[in-house]
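Dear colleague,

Please find the structure below, handed over for your study. My notes on what was found in it follow directly after.

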Amino acid sequence: MSRAPFQVLVLPYRIMTDNKILYAVFRRESSTGGYWQGVAGGGENSESPLEAAKRETYEEAGIDPSNEYMKLDSYAMVPVANVCGFRWGDDVLVIPEYCFGVRVGEEQLQLSYEHTKYKWLSYGHAMEILHWDSNKSALWELNFRVQRGMLGSAE
């Protein structure tokens, strides 16, 4: 399996019966930073960003790939040194991070070894603890879209 030169960020959300919107954030295992973020990972082989997003959310949170995914316009370039080193050569310094939201129901999430816990939080609380600026930008966009019913497809 070879690593594709891109990252994905996926922000799970749920809409409660009182129309309150909650977002899942994940605490990274301490040896990899111990910070709070969305589901994040890299593409593999010839995966599309959406395929990678579905695989990563299944692997890291147990979210079924058939759930409703939404491609966000938010996009970041992340330094390869923070991702997995200079795997694509010394001249590849940054790779794109594609962002998605995924709607989930009331089911419990199932954590992989990469995270120690997760929390369902309001938008404001999630913004307070997210570590990466790209996660905050994507969460802002997702929250805006969900609140206004602008739920586009990931396809």
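W120 touches P12, Y13, R14, L22, Y23, A24, V104 and L109, leaving out residues up to four places away in sequence; contact here means heavy atoms within 4.5 Å. The charged end of R14, one of these partners, sits over the ring of W120, 3.9 Å from its centre. A charge is taken to sit over a ring if NZ of Lys or CZ of Arg is within 6 Å of the ring centre and within 35 degrees of the ring normal. R148 likewise lies over the face of F144, at 3.8 Å from the ring centre.

Before going further, please note that this is a predicted model, in which local features need pLDDT of at least 70 and side-chain atom pairs count only at pLDDT 80 or more, while totals for chains, interfaces and linings use all residues. Residues are numbered from 1 along each chain as its sequence is written, and side-chain values use heavy atoms, with hydrogens and water left out.

The nonpolar cores

W120 also belongs to the largest nonpolar core, which has 20 residues; V10, F26, I63, Y69, L109 and W120 touch the most other members. The elements that give two or more residues to this core are strand 1, strand 2 (21-28), helix 1 (49-61), strand 6 and strand 7 (115-121). Apart from this core lies another, of 17 residues, among them L121, L130, A138 and L142. A nonpolar core is a set of buried Ala, Val, Leu, Ile, Met, Phe, Trp, Tyr and Cys residues joined through side-chain atoms within 4.5 Å. Buried means under 20% relative accessible area, exposed over 50%, and partly exposed in between (1.4 Å probe, protein chains only). Helices (H or I, at least four residues) and strands (E, at least two) are DSSP runs, numbered from the N terminus. In soluble globular proteins, nonpolar side chains tend to be buried together.

The aromatic pairs

How many aromatic pairs does the structure hold? There are five. Rings of Phe, Tyr and Trp (its six-membered ring) pair if their centres lie within 6.5 Å; planes under 30 degrees apart count as stacked, over 60 as edge-to-face and the rest as tilted. F6 and Y98 form an edge-to-face pair, with 5.7 Å centre to centre and 70° between the planes. Because F6 lies in strand 1 (residues 3-15) and Y98 in strand 6 (residues 94-103), this pair ties together parts that are 92 residues apart in sequence. F6 counts as buried, at 8% relative accessibility, whereas Y98 counts as partly exposed, at 22%. Y98 also pairs edge-to-face with Y75, at 5.5 Å centre to centre and 65° between the planes. This second pair links distant parts of the chain, with Y75 in strand 5 (residues 68-79) and Y98 in strand 6, 23 residues apart. Y75 is partly exposed, with a relative accessible area of 48%.

The salt bridges

A salt bridge is a side-chain nitrogen of Lys or Arg within 4 Å of a carboxyl oxygen of Asp or Glu. By this rule the count comes to seven. R55 forms one with E44, the closest N and O atoms being 3.4 Å apart. Since R55 lies in helix 1 and E44 in strand 4 (residues 39-44), the pair ties together parts that are 11 residues apart in sequence. R55 also forms a salt bridge with E47, at 2.7 Å between the closest N and O atoms. Both R55, at 15% relative accessible area, and E47, at 18%, are buried. A further salt bridge joins R55 to E59 (3.2 Å, N to O); E59 and R55 both lie in helix 1, four residues apart, about one turn of the helix. E59 is partly exposed, with a relative accessible area of 40%. Salt bridges that share partners join E44, E47, R55, E56 and E59 into one network.

A buried polar residue

N135 lies in helix 4 (residues 133-147) and is buried, with a relative accessible area of 2%. A polar atom of its side chain lies 2.8 Å from the backbone nitrogen of G38. The side chain of N135 also makes a polar contact with the side chain of S134 (3.4 Å). A polar contact is a pair of N or O atoms within 3.5 Å; within protein, one must be able to donate a hydrogen and the other to accept it, and residues adjacent in sequence count only if both atoms are side-chain atoms.

With kind regards
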